[in-house]
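Dear colleague,

I am handing over the structure below, and I would be glad if you read through my notes with it open beside you.

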Amino acid sequence: MQNFSLYNPVKVIFGKGSIERIGKYARAFGKRAMIVIGQGSARKNGYLDKVTKQLKNAGIEFTVFEGIEPNPRVTTIDRAKKAAYKFKANFLLALGGGSVIDAAKGISISYFDPESSVWDYVYLQNSSKKSQGKTLPIIAVPTIAATGSEMDQIAVITNWKENKKLALFNEKIFPSLSIVDPELTYTVNKKQTAYGGVDIITHISESYFNSKEKAPIQDGFTETIFKTVLKYVPTALHSPKNYEARENISYSATLALNGIINNGRGRNFTMHAIEHTLSAYLDIPHGLGLALIMPSYLRYIAPHNPEKFYDFAVKIMGIPQTGNREETIRKGIEKYENWQKDIGITETLSNYVSDEKMLRKFARETIKIKNSKNEYIDSVIPLYEDDIVKILSNRRQQQDLCNR
Ligand code: NZQ
Ligand code: ZN
């Protein structure tokens with residue numbers, strides 16, 4: 001495996017009812033909290049009440065910033081930062097999905113420079129400030145199992161004016177504490193549960209598929225988490241209050257991007273790079289964008305990493321071993337594609353974009369953002385503009401798979 005450094009300071013309190021302990025833990029962060037929520041689910045489902053009741057009991061004053069949108073926007077985050085500043089918050093309490101937690105990270109990093117915008121800090125921006133200074137502590141309470149933002153140092157921010165969705169990486173934005181209570185995910189609807197499942201799967205499998213490194217420990221984690229999500233998402237769709245399903249999906253999400261699973265295999269998050277361009281233009285949910293790309297992407301790169309794809313087919317998708325490797329790989333990818341359909345993701349990218357010019361534009365944008373030479377993005381092979389267009393237009397690669 002490759003050399004790596006591993007740092008993850010997040011304290012995680014995990015399990016049924018853990019939200020009831022938030023008052024006890026929050027005291028250590030100060031007397032004034034800004035609670036950050038999305039567009040209403042936390043209020044509607046009673047999670048906000050649970051949290052505010054405990055903060056009151058713990059003697060913590062709070063204000064609520066409501067309205068973080070899915071694919072959180074620079075303008076909203078900057079407004080929230082001003083509200084936190086006005087309130088003189090000692091810490092942020094992010095109660096919601098990845099969008100809410102990422103927004104809190106954006107507020108946190110720009111908080112001590114009141115005139116700045118979060119966009120100044122975003123990775124690869126020319127004017128990136130890459131804060132070395134102080135940040136505001138964050139308590140994260142995820143209400144959806146998906147991004148793993150509760151245990152990573154990443155915030156993904158959308159600049160709608162520029163049609164750009166970029167990731168901000170900074171060790172200072174790890175949440176200090178994450179309270180992961182799988183019962184909060186009972187109310188997540190079928191679509192979002194499915195999208196969350198695909199997101200988790202991509203988080204633990206991008207570096208699995210995109211690398212030829214021999215990393216049996218990491219690959220074993222990937223194979224176990226992948227199978228866990230394949231098994232439990234359908235259960236959660238059928239029985240939204242099945243705790244066993246929700247706890248296993250939640251823990252999979254929390255582990256996925258914490259560094260342990262992916263380090264040592266390279267960090268090519270190629271599907272993510274392409275998806276971030278899609279949602280910067282189409283404003284679609286992140287997990288859906290990934291699902292629209294993934295089967296086609298896998299077919300495209302499989303011939304370049306056959307050993308890994310054979311393992312995927314046999315160990316993860318349960319395809320019986322036969323002498324015909326290409327056939328086994330093809331069946332594995334098909335079985336995965338059918339799983340996506342079975343969990344209700346039946347759309348294709350052509351439902352959203354039919355114009356090839358637009359696909360080409362997405363390909364160019366993705367390359368521009370990812371690579372300063374403006375030629376390709378990294379995967380197990382370099383992917384040039386034409387390759388990305390082929391992936392996006394879902395030109396079937398069966399022929400290739402058989403011929404190599
Ligand atoms: O806004 P509200 O009303 O809260 O509703 C949300 C939203 O409509 C709803 N929801 C959340 N929890 C719920 C619930 N509905 C009912 N019951 C609950 N318990 O779900 C919808 C989607 O929420 P969102 O936060 O957008 O979903 P997700 O967690 O998938 O986050 C997506 C964002 O995170 C970024 C994505 O690009 C996207 O912007 N990512 C962040 C990463 C990170 N920080 O590490 C990595 C990921 O790869 C990803 O890029
Ligand atoms: Zn993701």
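Thr158 counts as buried because its relative accessibility is 1%, where buried means under 20% relative accessible area, exposed over 50% and partly exposed in between, with a 1.4 Å probe and protein chains only. Thr158 sits in strand β6, residues 154–159, and, leaving aside residues up to four places away in sequence, it touches Asn71, Pro72, Arg73, Val74, Trp119, Lys164 and Lys165 (contact means heavy atoms within 4.5 Å). Strands (E, at least two residues) and helices (H or I, at least four) are DSSP runs numbered from the N terminus.

Please keep in mind that this is a predicted model, in which local features need pLDDT of at least 70 and side-chain atom pairs count only at pLDDT 80 or more, while totals for chains, interfaces and linings use all residues. Residues are numbered from 1 along each chain as its sequence is written, chains are lettered from A and ligands numbered from 1 in the order in which they are written, and side-chain values use heavy atoms, without hydrogens and water.

The zinc ion (ligand 2) is coordinated by Asp199 (OD), His203 (NE2), His272 (NE2) and His286 (NE2), at 2.0 to 2.1 Å; donors are N, O and S atoms within 2.8 Å of the metal (3.2 Å for Na, K and Ca), and since water is not among the atoms, sites may look incomplete. Because His203 lies in helix α6 (residues 190–209) and His286 in helix α10 (residues 286–301), the pair ties together parts that are 83 residues apart in sequence. Both His203 and His286 are buried.

Best wishes
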